[in-house]
Structures are given as structure tokens and as C-alpha cells.
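Here's a quick briefing to read with the structure open beside you. Follow the topics in order and click along as you go.

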Amino acid sequence: MNLFRVRGIQLAVHFSFFLLLAYRAEDGWDNGGWPGLVWGATTLIAFFTCVVLHELGHSFTAMRFGIGVRRILLMPIGGMAEMDDIPRQPVREGLITLAGPAVNFAIAGVLWGGLALAQVPDEALDGYTLPAFVDLLMFWNLLMGIFNLLPAFPMDGGRILRALLALKMPYMRATIWAVRIGKIVAGVCALLALILPPLLYRSSPAFLIVALFAFIIFAGEMELRAIRRRELEDAHWRAILARTYQTFPPVEEPPVLIR
Ligand SMILES: [Zn+2]
């Protein structure tokens, strides 16, 4: 479902997002009736607003480097920005990537400052109060920032790892290594999510966390294949061009997904 555009970027919500919203609202209702329901729904919407800001951090930085951003899609496992391309210059890729978690840390910092300035007593952080809302959102943003920096390609941390590796080795090999390491990290995290359920995420279904890591493993493999295919195509076209001296129309590329 398309919502609205921000600087030309279409913001869209996947229908399954509403299932998560219903789940959160129902969970809130079970715990605290109407106030719980409103709490469950508003905290989730606030959380995903922060996800959008994270994606906008990536997107605006990419646009500064002249890269087109088609849309930002919100799904229960998070958001992603669909970009025309990702620069193969490690410094630029690193900056685009870091901009996302940086937004979360900035939000967490502002919220923390707000709580500190308001000198909120500890009791006010219990129940459905505004300070509790701010406190939870601060916690979530910190978590989002740290979580995205896990070296699980194609998550932000994995991209930074690839950019660092690409400083030392060819881009393709750096990607292969980042994907390998990412699969191991995602596999271990999925196992941990199953073994220690309620530690890191409050009232979020465990299968969602496992689905997220399964998606990371899948997406990493897909991106690796896309890069491999492109390298082969490039070599193929170069060979043909060298023989025939003809130019070809540009091939429509699939978007690169930035989480
Ligand atoms: Zn990100």
C-alpha cells in the first residue's frame, strides 16, 4: 500500500505490517484493556516511524551521491530502501550505510536528553505514561542502531564489513566473504533468538526474529548472485563490444535493497 512521497521517494507499507499491528494491539488489549491496546498500537507506529527515518538517513545520503531511491517499503521484519545502485567506492558505500544507524543513535540521544532534562522520576517510567513511551522508544532506537551494525550482510554492519574488506581485496571477493560471515552471524543470532526468547525484544513473536535472520541469509545470497551475474554480463558485453564496436541500450537493473 502506497502512503506518501518524501522528496520523490514513495513510502509503502506491506499488508503483513497490519498483521503485526493487529498482533501488537491485541497483545496490549490482553495486558491492559483499551489503554493497553492504544499503547501497543502507538508504540509500534512510533517504532516504524523511526525505521522510516533510518531508511531516509540512507536514502538522503545516497541521493547526495546522485543515486536514485525508488521507494521505502515497510514490512514486519523492518524497512528497506530500494536504490538504483550502490556505489562500488567503499567510502561512499560506508557513508550511505552508516547514515541509517546514525539516525537511530541521534534519536536515542535526543530522547535521552529530553528525559534527563525533564528529570523524570523512576516511578513515571512504569505504566502507560509519556515518559515510559519516550523511554521505550529510546531503548528501541539504541537497539535498532546496534542491531543493524551486526556484521550480517546485507544488513548495515555487513555492508560496512564489505566496504572495509573491499579496501584490501577485489569487490567480488569482499562480497563473498561478507556474505559468508553474514550467514554465520545470522545463523547464530537465529539460534540465540530461539534459545533466549524474551531477553532482547519485548512482546515480539520469536518466529519474526527467526524470519528476519532467514531473510538476511536469503537476501545476502541473492545480492551476491546479482553481483556475480552483473560481473559476468559486464565481461560478456565488453567482449562483444570489443568485437563489434556497437553500443547497446542500457539494461534495466533490479534495485539494490538497503535495510
Ligand atoms: Zn540500515
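Strand β2, helix α1 (residues 16–64) and strand β3 together make a left-handed β-α-β unit. Handedness works like this: with the strands pointing away from the viewer, a crossover is right-handed if the path from the first strand over the helix to the second runs clockwise. Helices (H or I, at least four residues) and strands (E, at least two) are DSSP runs, numbered from the N terminus. Keep in mind that this is a predicted model, where local features need pLDDT of at least 70 and side-chain atom pairs count only at pLDDT 80 or more, while totals for chains, interfaces and linings use all residues. Residues are numbered from 1 along each chain as its sequence is written, and side-chain values use heavy atoms, with hydrogens and water left out.

**The sheet**

- Five strands make an open, mixed sheet, and their order is β1-β2-β3-β4-β5. Two strands pair if DSSP finds at least two bridges between them.
- The edges are β1 (2–6) and β5 (256–258), each of which pairs on one side only.
- From one strand to the next, the twist averages 25 degrees. The axes behind that angle are lines fitted to C-alpha atoms (for helices over the stretch in contact), and angles run from 0 to 180 degrees between N-to-C directions.
- Strands of a sheet pair through backbone hydrogen bonds, in either the parallel or the antiparallel sense.
- β1 and β2 are antiparallel and share 3 bridges; V6 has I9 in β2 as its bridge partner.
- Those two strands form a hairpin with 2 residues between them, and R7 in the turn has a positive phi of about 45 degrees.
- β2 and β3 run parallel, joined by 4 bridges, and Q10 has R71 in β3 as its bridge partner.
- β3 (residues 69–75) and β4 (residues 78–83) run antiparallel with 6 bridges; here L74 sits opposite G79 in β4.

**What's covered up**

- Which residues of strand β2 (residues 9–13) are buried? It's 5 of the 5, so β2 is largely enclosed by the rest of the structure. Buried means under 20% relative accessible area, exposed means over 50%, and partly exposed is in between (1.4 Å probe, protein chains only).
- Both faces of β2 are covered, with I9, L11 and V13 buried on one side and Q10 and A12 buried on the other. In a regular strand the side chains alternate between the two faces of the sheet.
- Helix α4 (residues 156–166) is mostly covered too, with 10 of its 11 residues buried. Among them are D156, I160, L161 and L165.

**Salt bridges**

- Searching the whole structure turns up 9 salt bridges. A salt bridge here is a side-chain nitrogen of Lys or Arg within 4 Å of a carboxyl oxygen of Asp or Glu.
- Side chains of opposite charge can pair when their charged atoms come close.
- Because D84 lies in the loop between β4 and α2 (90–118) and R70 in strand β3, the pair ties together parts that are 14 residues apart in sequence.
- D84 is partly exposed at 34% relative accessible area, and R70 is partly exposed at 29%.
- R159 has a salt bridge with E223, and their closest N and O atoms are 2.9 Å apart. That pair links distant parts of the chain, with R159 in helix α4 and E223 in helix α6 (residues 206–244), 64 residues apart.
- Buried or exposed: what are R159 and E223? R159 and E223 are both buried, and R159 has a relative accessible area of 0%.
- E93, R159, R162 and E223 are linked in a salt-bridge network. The C-alpha atoms of R159 and E93 are separated by 7.6 Å, although the two are 66 residues apart along the chain.
- R225 and E221 also meet in a salt bridge (3.3 Å, N to O). Because they are 4 residues apart in helix α6, about one helical turn separates them. R225 is partly exposed, with a relative accessible area of 46%.

- I184, V188, L191, L192, L194, I195 and L196 make a nonpolar surface patch of about 680 Å². Patches are made of residues with over 30% relative accessible area and no salt bridge; like charges are joined within 9 Å, and nonpolar side chains (Val, Leu, Ile, Met, Phe, Trp, Tyr) within 5 Å.
- Accessible areas come from the Shrake-Rupley method with a 1.4 Å probe, and for residues, only the protein chains shown count as cover.
- L192 is in helix α5 (residues 171–195) and is partly exposed, with a relative accessible area of 42%.
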